[in-house]
Amino acid sequence: MSRGFVTPTKDGTLLNLWVSPDAGRSSVAGPYGEDAIKLRVAAPPVEGKANAEAERYFAELLGVTTSAVSVVRGASSRNKAVLVRGVETEEVRELLSEHLP
């Protein structure tokens with residue numbers, strides 16, 4: 001499987017997401033094509049709540065503070081990019097592999 005959804009940057013690691021809001025609970029649903037991860041979030045897509053929940057979920061999953069995770073592209077779209085600071089790309093891949101087929 002391609003790992004095109006995780007990209008190293010000078011500031012950290014960039015994750016490409018396809019976000020599905022209003023889920024019963026937040027969880028990684030698996031790959032979305034070859035270049036994104038499908039993320040279900042337990043928040044509505046209003047007033048930035050889904051973005052905040054995506055940031056919170058990945059901070060918890062990756063063991064970083066919420067301030068280390070931010071939506072940097074696609075704030076009003078299902079297709080988002082999230083920047084994670086303080087975690088190496090290989091570590092992100094390893095942690096996510098537990099949640100992907």
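This tour goes stop by stop through the structure, saying what to select and what is there.

**Before you start**

The model is predicted: local features need pLDDT of at least 70, side-chain atom pairs count only at pLDDT 80 or more, and totals for chains, interfaces and linings use all residues. Residues are numbered from 1 along each chain as its sequence is written, and side-chain values use heavy atoms, with hydrogens and water left out.

**Stop 1: the aromatic pairs**

Select tryptophan 18 and tyrosine 32. The whole structure holds two aromatic pairs. In this one the ring centres are 4.8 Å apart and the planes lie at 0 degrees, so the pair is stacked. Rings of Phe, Tyr and Trp (its six-membered ring) pair if their centres lie within 6.5 Å; planes under 30 degrees apart count as stacked, over 60 as edge-to-face and the rest as tilted.

Now colour by secondary structure. Tryptophan 18 sits in strand β2 (residues 12-20), and tyrosine 32 in the loop between β3 (27-31) and β4 (37-40), so the pair ties together parts that are 14 residues apart in sequence. Helices (H or I, at least four residues) and strands (E, at least two) are DSSP runs, numbered from the N terminus.

Tryptophan 18 is partly exposed at 24% relative accessibility. Tyrosine 32 is also partly exposed, at 39%. Buried means under 20% relative accessible area, exposed over 50%, and partly exposed in between (1.4 Å probe, protein chains only).

Next, select tyrosine 57 and phenylalanine 58. Their ring centres are 5.7 Å apart and their planes stand at 80 degrees, so this pair is edge-to-face. Tyrosine 57 and phenylalanine 58 are both buried.

**Stop 2: salt bridges**

A salt bridge here is a side-chain nitrogen of Lys or Arg within 4 Å of a carboxyl oxygen of Asp or Glu. The count comes to four.

Start with glutamate 60 and arginine 56. Their side chains meet at 2.8 Å, N to O. Both lie in helix α1, four residues apart, about one turn of the helix. Glutamate 60 is exposed, with a relative accessible area of 60%. Arginine 56 is partly exposed, at 32%.

Move to helix α2 and pick glutamate 90 and arginine 93. The closest N and O atoms of this salt bridge are 2.7 Å apart. The two residues are three apart in helix α2, about one turn. Glutamate 90 is exposed at 53%, and arginine 93 is partly exposed at 23%.

Last, select aspartate 11 and lysine 10. Their salt bridge has its closest N and O atoms 4.0 Å apart. Lysine 10 is exposed, with a relative accessible area of 80%. Aspartate 11 is partly exposed, at 45%.

**Stop 3**

Which helix holds threonine 89? Threonine 89 is in helix α2 (residues 89-97). At 10% relative accessibility, threonine 89 counts as buried. Leaving aside neighbours within four places in sequence, show its contacts (heavy atoms within 4.5 Å): threonine 89 meets Val6, Thr7, Pro8 and Thr13.

Now go to valine 69 in strand β5 (residues 69-73). Valine 69 is buried, at 2% relative accessibility. Residues up to four places away in sequence aside, it touches Glu55, Phe58, Ala59, Val64, Val82, Leu83, Val84 and Arg85. Draw a distance to glycine 24, 45 residues away along the chain: the C-alpha atoms of valine 69 and glycine 24 are separated by 22 Å.

**Stop 4: positive phi**

Most residues other than glycine have a negative phi. Select aspartate 22, in the loop between β2 and β3. Its phi is positive, about 65 degrees, although aspartate 22 is not a glycine. Aspartate 22 is exposed, with a relative accessible area of 54%.

Then select glutamate 47, in the loop between β4 and α1. Glutamate 47 has a positive phi near 50 degrees. Its relative accessible area is 74%, so glutamate 47 is exposed.
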